[in-house]
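Here's a quick briefing for anyone meeting this structure for the first time. Have a look at the picture, then work through the topics below.

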Amino acid sequence: MPNVAPDPLLKVEGITMSFGGIVAIDDLSLTVAPGEILSLMGPNGAGKTTTFHVIAGVHAPDAGRIIFDGQDITRVKPDGRCRAGLARTFQITQPFQELTVEENVMVGALAHNGSMAEARKDARRYVDMVGLADRADVLAKGLSTGQRKRLEMARAMATRPKLLLLDEVTGGVDQKSIPGLIELVQRLRGEGLTLVIIEHNMRVINELADRAIFMNRGVRMAEGTPAEIARHPEVIELYLGEATEHG
Ligand SMILES: Nc1ncnc2c1ncn2[C@@H]1O[C@H](COP(=O)(O)OP(=O)(O)OP(=O)(O)O)[C@@H](O)[C@H]1O
Ligand SMILES: [Mg+2]
């Protein structure tokens with residue numbers, strides 16, 4: 001059998017996105033293979049979160065196409081992309097503060113369930129999966145930062161995605177919670193998920209990512225394995241000093 005690479009699950013083709021005079025993403029292309037974990041890296045303001053917004057359908061790009069699972073979704077609304085199997089978490093977590101952990105996850109589960117009972121059962125499963133079983137009945141506002149990141153992942157998983165975009169899952173989380181979050185992302189991949197992670201922490205990238213793309217000022221500057229990226233002269237110059245500040 002010839003060794004044929006599978007079709008990418010996600011293909012971003014020549015995306016450009018400006019805010020007024022600021023070009024946040026400049027002719028960016030990337031692909032993500034099924035089952036892969038790709039890390040998006042780059043200094044503050046590089047355009048990483050904007051890239052997620054464009055993939056998730058929050059912003060329409062000025063130019064370019066997004067192909068997901070063989071379908072051109074460039075003009076599909078965010079809820080349609082969610083039904084197609086695309087989910088994301090937010091850099092600034094935004095749970096419903098006055099709902100419990102389980103109720104928050106039910107909101108995601110209702111995307112695929114007609115009945116409340118089914119959605120509740122599903123929500124329990126995802127709350128367990130992310131390790132929040134003992135916090136299921138706590139109001140979201142009572143969670144620690146690390147627990148809020150887990151809740152975000154459960155809410156996203158409850159929509160049953162094929163592709164999950166994680167925006168700085170370890171950002172602002174205390175050091176001792178990081179190994180548990182790494183283990184959780186590995187478990188999600190084990191469930192058959194494909195992931196794109198925005199991540200600053202080189203240790204996390206090394207442990208999780210198959211491949212990394214480094215952006216600066218909206219432009220893709222380097223691509224390779226985490227080890228290759230860490231050796232890249234421009235990446236070292238622009239970033240690795242700063243990355244150590246991020247942890
Ligand atoms: N809604 C918006 N309106 C105007 N400018 C924006 C908006 N969102 C992002 N930008 C600008 O686009 C550029 C890219 O921002 P983006 O948030 O994508 O960066 P980032 O790589 O995620 O940075 P960080 O590491 O700080 O999260 C920045 O110059 C930012 O100020
Ligand atoms: Mg960001």
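In what sense do strand β1 and β2 pair, and over how many bridges? Strand β1 (residues 10-19) and β2 pair in the antiparallel sense, over seven bridges. Before going further, note that this is a predicted model, in which local features need pLDDT of at least 70, side-chain atom pairs count only at pLDDT 80 or more, and totals for chains, interfaces and linings use all residues. Residues are numbered from 1 along each chain as its sequence is written, chains are lettered from A and ligands numbered from 1 in the order in which they are written, and side-chain values use heavy atoms, with hydrogens and water left out.

**The open sheet**

- Helices (H or I, at least four residues) and strands (E, at least two) are DSSP runs, numbered from the N terminus, and two strands pair if DSSP finds at least two bridges between them.
- Four strands make up an open sheet, in the order β2-β1-β4-β5, and the pairing is antiparallel.
- At the edges sit β2 (22-32) and β5 (71-72), each pairing on one side only.
- Helix α1 (residues 48-56) lies across β1, β2 and β4 (63-68), and runs at about 115 degrees to β1.
- Axes here are lines fitted to C-alpha atoms, for helices over the stretch in contact, and angles run from 0 to 180 degrees between N-to-C directions.

- Buried means under 20% relative accessible area, exposed means over 50%, and partly exposed is in between (1.4 Å probe, protein chains only).
- In a regular strand the side chains alternate between the two faces of the sheet.
- In β3, I37, S39 and M41 point one way, while L38 and L40 point the other way.
- Strand β8 (residues 194-198) runs parallel to β3 and is joined to β3 by four bridges; here I37 stands opposite L195.
- Strand β9 (residues 211-216) also runs parallel to β3, again with four bridges; this time M41 stands opposite F214.
- I197 is in strand β8 and, at 3% relative accessibility, counts as buried.
- Not counting residues up to four places away in sequence, I197 touches I37, L38, S39, L40, F52, L166 and L208; contact means heavy atoms within 4.5 Å.
- I197 and F52 are 145 residues apart along the chain, but their C-alpha atoms are separated by 9.6 Å.

**Helices side by side**

- Two packed helices are described by the angle between their axes and the distance between the axes.
- Helix α5 (residues 145-157) and helix α6 (residues 178-190) pack at an angle of about 10 degrees, with their axes 11 Å apart.
- These two helices are therefore roughly parallel to each other (angles under 35 degrees count as roughly parallel, over 145 as roughly antiparallel, 65 to 115 as roughly perpendicular and the rest as oblique).
- On the α5 side the contact is made by G146, K149, R150, M153 and M157, and on the α6 side by G180, L181, L184, V185 and L188.

**The nonpolar core**

- The largest nonpolar core has 37 residues, and those with the most contacts inside it are V105, M153, L164, L166, L188 and L195.
- Such a core is a set of buried Ala, Val, Leu, Ile, Met, Phe, Trp, Tyr and Cys residues joined through side-chain atoms within 4.5 Å.
- At least two residues of this core come from each of α3 (101-109), α4 (116-129), α5, β7 (163-167), α6, β8 and α7 (202-208).
- Helix α6 supplies the largest share of this core, with six residues.

**Around α3 and α4**

- Seven of the nine residues of α3 are buried, so this helix is largely enclosed by the rest of the structure.
- Those buried residues are V101, E102, N104, V105, M106, G108 and A109, and they pack against α4 and α5.
- Y126 lies in helix α4 and counts as buried at 4% relative accessibility.
- Leaving out residues up to four places away in sequence, Y126 touches V105, A154, M157, A158 and R160.
- D122 is also found in helix α4 and counts as buried, at 10% relative accessibility.
- Apart from its neighbours within four places in sequence, D122 is in contact with A109, N113 and R160.
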